[in-house]
Amino acid sequence: MFKGSHHYIACLFMLWSCFLCGAEEVFLKPDNFIEESFVGTPSNEVIWLNKELKKELAEILGHPFKGLRVRYWREGKRTAWILEEIGKVELITAGFVVEDDTLQRMDVLIYRESHGWEVRYPFFTRQFKGLQLDRKNRLNKDIDGISGATMSVQALDRLSRVALYLHGEAVN
């Protein structure tokens, strides 16, 4: 070994252990996601969650939705949503663009889990383009999973359903 190599190896080990511990990784800043999602400048709006909306969101998520309101961005009939859901143990932050009751775009913005980070890649996220909700608030097409990322896949499925549902509430 050459002089100082033990320091190099120790640094690599520390970086690898941070990755395994589920360090937060920002793939796309939320502000950049919003900028990329609209031609003009969208209005920043809020949906206040009444009892009925909270009930619907809880049915979609399988647990109560935390919060009294949901912030979103809108330009005409196009909306963008930045939502968070627990994957296995950590929050996943994802961005959704909906227009004409159809999902136009889904991006994983911030990933905090130690496993399943493959959900951020286009081979996975492009499955969401063109999806809609059926009458039972389910996606009209199945999402192919990723081995080792089942809980992250399920979290993004639920969040896409929330975005589509809230879009319907926002534009109608």
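The model is predicted, so to speak of local features takes a pLDDT of at least 70, side-chain atom pairs count only at pLDDT 80 or more, and totals for chains, interfaces and linings use all residues. Numbering starts from 1 along each chain as its sequence is written, and side-chain values use heavy atoms, with hydrogens and water left out.

**The largest pocket**
- The largest pocket has a volume of about 390 Å³.
- Its lining is made of 16 residues, and Phe-65, Lys-66, Leu-83, Glu-84 and Glu-85 lie nearest the centre.
- A pocket here is an open set of points on a 1 Å grid, where a 1.4 Å probe fits, with protein on both sides within 12 Å along at least five of seven lines; lining residues have an atom within 4 Å of a point.
- The volume is the space filled by probe spheres set on the points.
- Strand 4 gives the most to this lining, with five residues; strands are DSSP runs of E, at least two residues, and helices are H or I runs of at least four.

**Helix 3 and helix 5**
- Helix 3 (residues 51-61) packs against helix 5 (residues 150-171) at an angle of about 155°, with axes 9 Å apart; axes are lines fitted to C-alpha atoms over the stretch in contact, and angles run from 0 to 180 degrees between N-to-C directions.
- That makes the two helices roughly antiparallel, a label for angles over 145 degrees.

Technical notes. Angles under 35 degrees count as roughly parallel, over 145 as roughly antiparallel, 65 to 115 as roughly perpendicular and the rest as oblique.
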